[in-house]
Amino acid sequence: MLLIVGTVPIKDLPLTIGEARVVGDLLVVNDYNISCTQGTASMINAAVKTTEYLNINKPQVLIAGDIGEGKGSREIYKYLIKI
Amino acid sequence: MDRKDSKIGFLNSFKRRKNKLSERSGLVLFMDVQKALKAEKILKNAGYEIKLVAPPPELREGCDLVIAINLVEKPGIERRLDKKKVKYIEVIPLKIDTSNLLEVVKIKYFGNNIMVKAGNMKLAFNKNNGIIVNISGGGCPDIPYLYSKLINKLLEEAPRPKNIGFTLCALMLDITLNESLTLWRKG
C-alpha cells in the first residue's frame, strides 16, 4: 500500500485519512476538496495519475491542514507516534 | 573579541551544550525579565519551539534573559508578540551576514513577465496586466498557503505575505511583492 503523508494549505482541514481521487482540477479525499497547487497536494495528484496509468491501487493519504503555523504537522506526528 | 566573534562563540558553546541553535537561529532581546518570561509563555502556547537562555554579557542589551528562536519564524513571532503587546528590544540573527544577503533584490525580465527575487523567494507577474503568475523558492511551511492566496491575483489586490505568513520566506516574499508593486506603478 502506498501512503502519502503531508500537510495542505487549508487552515481548518482536520486530520484526514483516505483514498485520494482527482476530480477535475481538484483532489478529493473523503469529502474534502483540495486544490492541486504546491507541495503535498501536487505530489498526491501526480501519484494518483501514475497509479491510474499503471492500473494499481490508488494511494492512501494522511493529511492535515496547515497554513505554516505547524498545527497540522503536529497533529500528523502525534497520530504517527500513536499507531 | 568583537560582537560578532562573541556571537559565534556563544553559538558554539550553546551547540556543545544543547545542540539546538544553528546559523538559522536568532535571539529576541527584552528590557526586563518579566517581558521575557511572558513572551516565552505566549510563544510556547502558540507552538513555537523556543528556549529561554542567558546570553553572554556582550549581548545583554536589556535584561539577562533572551529567547532563542528559529530565525525563519521571525515574522510570525514578532507579530504574535506585537498582538499580545509584549515589547521587545529587537530580534538579532546569530550570523549577521545572513540578513544582509537576504535583503538583496534582483529583477529579471522574461517576455511579458517580470520576476523579482529577494533572498530565496521569487515572485513573477505579468507586466501587461499586473497579475501574479508564479511564486517559487523558499521551502518554509507557509509557502503553499501563501501561493494559494497570491497566485492569479492582481498585485494591487494581493494580501501582504508579511501579514498572513509566519516565516522568513513570507518576509522575503513581501519584499518581492513590494518591489513588484513599485515596478508596476512606474509602468
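**A guided conversation on chains A and B**

Guide: Chain A has two helices and five strands. This is a predicted model, in which local features need pLDDT of at least 70 and side-chain atom pairs count only at pLDDT 80 or more, while totals for chains, interfaces and linings use all residues. Residues are numbered from 1 along each chain as its sequence is written, and chains are lettered from A and ligands numbered from 1 in the order in which they are written.

Visitor: What makes a stretch of residues a helix or a strand here?

Guide: Both are DSSP runs numbered from the N terminus: a helix is a run of H or I with at least four residues, and a strand is a run of E with at least two. Along the sequence of chain A, these elements follow the pattern β-β-β-β-α-β-α. Chain B has seven helices and eight strands.

Visitor: Which strands form the sheet of chain A, and in what order?

Guide: The order is β1-β5-β2-β3-β4 (chain A), in an open sheet of five strands with mixed pairing. β1 (3–8) and β4 (32–35) of chain A are at the edges; each has a single partner strand, so one side of each has no neighbour in the sheet. From one strand to the next, the twist averages 40 degrees.

Visitor: Which strands does each helix of chain A touch?

Guide: Helix α1 (residues 40–54) of chain A packs on the sheet and touches β1, β2 (16–23), β3, β4 and β5 (60–65) of chain A. The direction of α1 makes about 150 degrees with that of β1(A). Helix α2 (residues 71–82) of chain A also packs on the sheet, touching β1 and β5 of chain A, and its direction makes about 135 degrees with that of β5(A). Such angles run from 0 to 180 degrees between N-to-C directions, with axes fitted to C-alpha atoms, for helices over the stretch in contact.

Visitor: Why is I67(A) called buried?

Guide: A residue is buried if 20 or more other C-beta atoms, placed from the backbone, lie within 10 Å of its own; 12 or fewer make it exposed, and values in between partly exposed. I67(A) has 24 C-beta neighbours inside 10 Å, and therefore counts as buried. I67(A) lies in the loop between β5 and α2 of chain A. Of the 83 residues of chain A, 28% count as buried, and of the 187 residues of chain B, 34% do.

Visitor: What does I67(A) touch?

Guide: Contact means that two C-beta atoms, placed from the backbone, lie within 7 Å. Leaving aside residues up to four places away in sequence, I67(A) touches P9(A), K11(A), D142(B) and Y145(B). The C-alpha atoms of I67(A) and I10(A) are separated by 6.3 Å, although these residues are 57 apart along the chain.

Visitor: How many residues take part where the two chains meet?

Guide: In chain B, 12 residues are in contact with 13 residues of chain A. The side belonging to chain B has seven nonpolar, four polar and one charged residues. Nonpolar here means Ala, Val, Leu, Ile, Met, Phe, Trp, Tyr, Cys or Pro; charged means Asp, Glu, Lys or Arg; the others, Gly among them, are polar.

Visitor: What makes the crossing of α2(B) and α3(B) right-handed or left-handed?

Guide: A crossing is right-handed if the near helix is turned clockwise from the far one by less than a right angle, and left-handed if anticlockwise. α2(B) passes α3(B) in a right-handed crossing. The contact is made by A39(B), I42(B) and L43(B) of α2(B) and I77(B), R80(B) and L81(B) of α3(B). These residues divide into five nonpolar, no polar and one charged.

Visitor: How do you know whether the length of α7(B) agrees with its number of residues?

Guide: The expected span is 1.5 Å times one less than the number of residues. For the 19 residues of α7(B) this gives 27 Å, and the end C-alpha atoms are 27 Å apart, so the two agree. After α7(B) comes G187(B), whose phi is positive, near 85 degrees.

Key. Pairing = 2+ DSSP bridges.
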